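User: Can you walk me through reading a few features of this model? I'd like the general idea, then the case at hand.

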Amino acid sequence: MLKVVLITGISGSGKSVALRLLEDTGYTCVDNLPVQFLADFVNRSIDTGIERVAIAIDVRAPGDLNTLPEAISQVRESGIALRVIFLDANDHTLRQRYSESRRRHPLTDRLRLDGVSPSLQACIDAEREMLSALREQEHVIDTSDLTPGQLRAWVRDLVQADRAPVVLTFESFAYKRGVPGDADIMFDVRCLPNPHYDAELRPMTGRDEPVAKWLSQFGSVETMIDDIAGFVNRWLPLYMQDTRNYLTVAVGCTGGKHRSVYVVEQLALRFASHSPLLVRHRNQPPVDMPA
């Protein structure tokens with residue numbers, strides 16, 4: 001059966017990185033496809049025997065972007081496994097990326113009034129408004145503080161996950177870098193004992209055995225993990241009944257290096273029977289990639 005991945009989201013959020021990753025993993029990729037051609041392209045792919053297709057659609061595409069949610073629904077109703085990944089980033093990150101790349105925002109010409117070009121922020125605001133409905137109903141990855149390598153790893157994990165009522169993701173993050181925009185449920189573990197103040201443990205992470213052993217000696221750490229696991233275990237069935245396809249549980253500490261990483265790893269062990277299960281460490285390099 002044909003598998004289709006649709007990459008969309010805010011300009012400057014990393015859609016090109018995601019699309020190149022999919023191309024490298026064997027997907028037939030099309031960038032900037034007009035919305036009105038989505039169903040036709042998918043059907044044509046079936047006729048020609050293509051097994052995996054990745055498509056990027058965003059504000060660059062001509063036509064009415066407001067019809068994209070309806071076009072997605074039509075493809076899914078026909079029985080096609082269509083997975084949508086919405087990439088986003090905060091305004092500060094987007095402005096910085098545009099400044100570094102010296103590229104113009106794709107809405108610059110469309111929003112020009114009386115020969116005066118709009119500001120970059122005005123373009124970002126307009127784009128968020130145009131894509132707001134789609135963002136609310138699809139899986140969001142906030143790329144604000146992700147490296148290209150991390151984004152590639154996250155997208156690869158997501159598209160390889162088998163279709164299930166809920167793709168459950170446990171994600172660690174650093175409060176000092178801001179709250180991730182892709183979190184559905186969020187827990188703060190900054191109240192737990194901090195290995196950062198131990199000179200030997202400071203260079204390590206929550207994935208390292210000495211840090212894990214140090215944290216496991218505290219009853220408060222075990223109680224926190226029990227409480228989070230209990231909450232997720234209790235409410236996950238209701239999220240599944242809500243026809244939700246993705247649930248991201250974010251756990252944060254100050255630096256996103258020790259406590260939140262350890263808690264996420266322990267939660268992943270407790271929910272190992274849930275499939276598919278993804279583990280993300282927002283402020284750590286991917287396990288299978290060099291730092």
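Analyst: Let's start with a polar contact, a pair of N or O atoms within 3.5 Å; within protein, one must be able to donate a hydrogen and the other to accept it, and residues adjacent in sequence count only if both atoms are side-chain atoms. Here the Ser11 and Glu127 side chains make one at 2.7 Å. This is a predicted model: local features need pLDDT of at least 70, side-chain atom pairs count only at pLDDT 80 or more, and totals for chains, interfaces and linings use all residues. Numbering runs from 1 along each chain as its sequence is written, and side-chain values use heavy atoms, leaving out hydrogens and water.

User: Is Ser11 buried or exposed?

Analyst: Buried means under 20% relative accessible area, exposed over 50%, partly exposed in between (1.4 Å probe, protein chains only). Ser11 has 5%, so Ser11 is buried. Contact means heavy atoms within 4.5 Å; leaving out residues up to four places away in sequence, Ser11 touches Val59, Leu94, Tyr98, His105, Pro106 and Glu127.

User: Which residues touch the most other members of the largest nonpolar core?

Analyst: A nonpolar core is a set of buried Ala, Val, Leu, Ile, Met, Phe, Trp, Tyr and Cys residues joined through side-chain atoms within 4.5 Å. Of 31 residues in the largest one, those are Leu6, Leu38, Ile55, Ile57, Leu68 and Ile72. A second, separate core has 27 residues, including Leu192 and Tyr262.
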